[in-house]
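Welcome to a short tour of a protein model. How do its helices pack, and what spaces lie between its parts?

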Amino acid sequence: MGKYFGTDGFRGEANEDLTVEHAYKVGRFLGYYYGKNHRPKVVIGKDTRRSSYMFEYSLVAGLTASGADVYLLHVTTTPSVSYVVKSEGFDCGIMITASHNPFYDNGIKVINGGGYKLEADVEAQIEAYLDGEMPEIPLAKKENIGRTVDYAMGRHRYIGYLISLATRSFQDMKVGLDLANGSATTVAKGVFDALGAKTYVMGSEPNGLNINMDCGSTHIEQLKEFVKQNGLQVGFAYDGDADRCLAVDENGNVIDGDKILYLCSIYMKERGELNNNTVVTTVMSNMGLYKALEQEGISYEQTAVGDKYVFENMMANHHSLGGENSGHIIFSKHAMTGDGVLTSLKIMEVILEKKQPLSELVKGMETYPQLLKNVRVKNKKEAREDMAVQQAVKAAEELLGSEGRVLLRESGTEPVLRVMAEAKSEELCVQAVDGIIEALIAAGHISDVAK
């Protein structure tokens, strides 16, 4: 990770860690970088945060000042930007979002011409420019100044693409959608309505301040109640930029990313679509997923946390399915990034083709009790490498033995350490996690603890 760019772009509190000056200079650099030999074309999408409009204007100013033409998708999803970049020949795309973070945060995700996340060496060059470590970029003059184009049609083409992927009508299916008051509000309901579902929505009234607030994949308890109250057959919850999807079955039980990987891998294997008979996961996936995959004779690989790393592994090894338990699921035949709406369509395909409720489709996977606590710290690296903390981690590992595991890792987007344990019982998980947090507190590293 660089100084500004983490595993998922440049993210921080708006006008605190990420400012309009940063956005302007990112635009200036990208316009210059992609415009060395031709007039570059850049497409921009944004989520519903109040600050997204501010950053959009700053990026546009920087890009056009460097001679780039900018095409605006307006409020849309991260995967739609990836789709438009790749399918319509843009030099790069930018998504303005802080994903599942609260409204006061924001971020800049840059997508390269191939439709996936920007290369680390280019991010390093942007950071050097932000810090004044390279010469100033010349301004475009006269007819070379860039222009701005309304490009809502790009989002509409993406919606059409999603609809085209469905293998069956959704008629007579009662489906709940939690749109997180975010990007999915411009995409998801239209797709499900077009496919014939009787669609029930919540989290569909964004006001700039309520994105992810008590809704979406980070607050899925709301969708659980929504599904049960309305007698729905399935529910889907997205995050702020709709690159994640979690599901709720007909009984109100949460189907996380691991269970989604489980049911999709079995289905794809049956149809000869699971390349290399392998699923790509991250180190955060539940032990129960691995045991269930082994029962089905399916192999798996692990990467560091982040759909960026999952995708890199998939491309390097030609795998067709991968993802995270947080709901970033990648179907490489159809997308270059996690796509929440696409994931929900794939789950619908399994339900309809197998003619079984979602609860039946996932009953072969037993999830190990898992506890994850997010700890806000003063310095992530120092806290993680502290000798006393490392000793606490070792003690927790000895406590859990071979039937459990402990993971202490840095967030790629926040000043947070994630402390996670899996074990045979919830009590053991609590004991392991709290022991590590107590060591962090005693060593003076913690500024806050959240669930």
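This is a predicted model: local features need pLDDT of at least 70, side-chain atom pairs count only at pLDDT 80 or more; totals for chains, interfaces and linings use all residues.

**Helix pairs**

| Helix pair | Crossing angle | Axes |
|---|---|---|
| H1 (residues 20-34) and H4 (residues 120-130) | about 125° | 10 Å apart |
| H1 and H2 (residues 50-65) | roughly 35° | within 7 Å |
| H14 (residues 387-400) and H15 (residues 426-442) | roughly 170° | within 8 Å |

Let us begin with H1, which packs against H4 at an angle of about 125°. Angles over 145 degrees count as roughly antiparallel and those from 65 to 115 as roughly perpendicular, so H1 and H4 are oblique to each other. Their crossing is right-handed. On the H1 side, the contact is made by His22, Lys25, Val26, Arg28, Phe29, Leu30 and Tyr33, while H4 brings Val122, Gln125, Ile126, Tyr129 and Leu130. By class, the residues of this contact are eight nonpolar, two polar and two charged.

H1 also meets H2, and the crossing of H1 and H2 is right-handed too. From H1, the residues in this contact are Val20, Ala23, Tyr24, Val26, Gly27, Arg28, Leu30 and Gly31. Facing them from H2 are Met54, Phe55, Ser58, Leu59, Ala61, Gly62, Leu63 and Ala65. Eleven residues of the contact of H1 with H2 are nonpolar, four are polar and one is charged.

H14 contributes Ala388, Val389, Ala392, Val393, Ala396, Leu399 and Leu400 to the contact, and H15 contributes Leu428, Gln431, Ala432, Gly435, Ile436, Ala439 and Leu440. This contact has twelve nonpolar residues, two polar and no charged ones.

**Cavities and a pocket**

Now for the spaces. How many cavities of 30 Å³ or more does a search of the whole structure find? There are three. The largest cavity has a volume of about 130 Å³. It is lined by 15 residues, and Asp8, Lys109, Val110, Lys117 and Leu118 are the closest to its centre. Helix H3 (78-88) and strand S6 (105-111) are the elements that give two or more residues to this lining, and S6 supplies the largest share, three residues. The lining of the largest cavity divides into four nonpolar, six polar and five charged residues.

The second largest pocket holds about 250 Å³ of space. Among its 15 lining residues, Glu273, Lys333, His334, Lys346 and Glu349 lie nearest its centre. Two or more residues of the lining come from each of helix H8 (257-270) and helix H11 (340-354). By class, the lining of this pocket has six nonpolar, four polar and five charged residues.

Notes: Residues are numbered from 1 along each chain as its sequence is written. Side-chain values use heavy atoms; hydrogens and water are left out. Axes are lines fitted to C-alpha atoms, for helices over the stretch in contact, and angles run from 0 to 180 degrees between N-to-C directions. Helices (H or I, at least four residues) and strands (E, at least two) are DSSP runs, numbered from the N terminus. Angles under 35 degrees count as roughly parallel, over 145 as roughly antiparallel, 65 to 115 as roughly perpendicular and the rest as oblique. A crossing is left-handed if the near helix is turned anticlockwise from the far one by less than a right angle, and right-handed if clockwise. Contact means heavy atoms within 4.5 Å. Ala, Val, Leu, Ile, Met, Phe, Trp, Tyr, Cys and Pro count as nonpolar, Asp, Glu, Lys and Arg as charged, and the others, Gly among them, as polar. On a 1 Å grid over the protein atoms alone, a cavity is a set of points where a 1.4 Å probe fits but cannot get out, and a pocket is an open set with protein on both sides within 12 Å along at least five of seven lines; lining residues have an atom within 4 Å of a point. Grid points are joined across faces, edges and corners, and a volume is the space filled by probe spheres set on the points.
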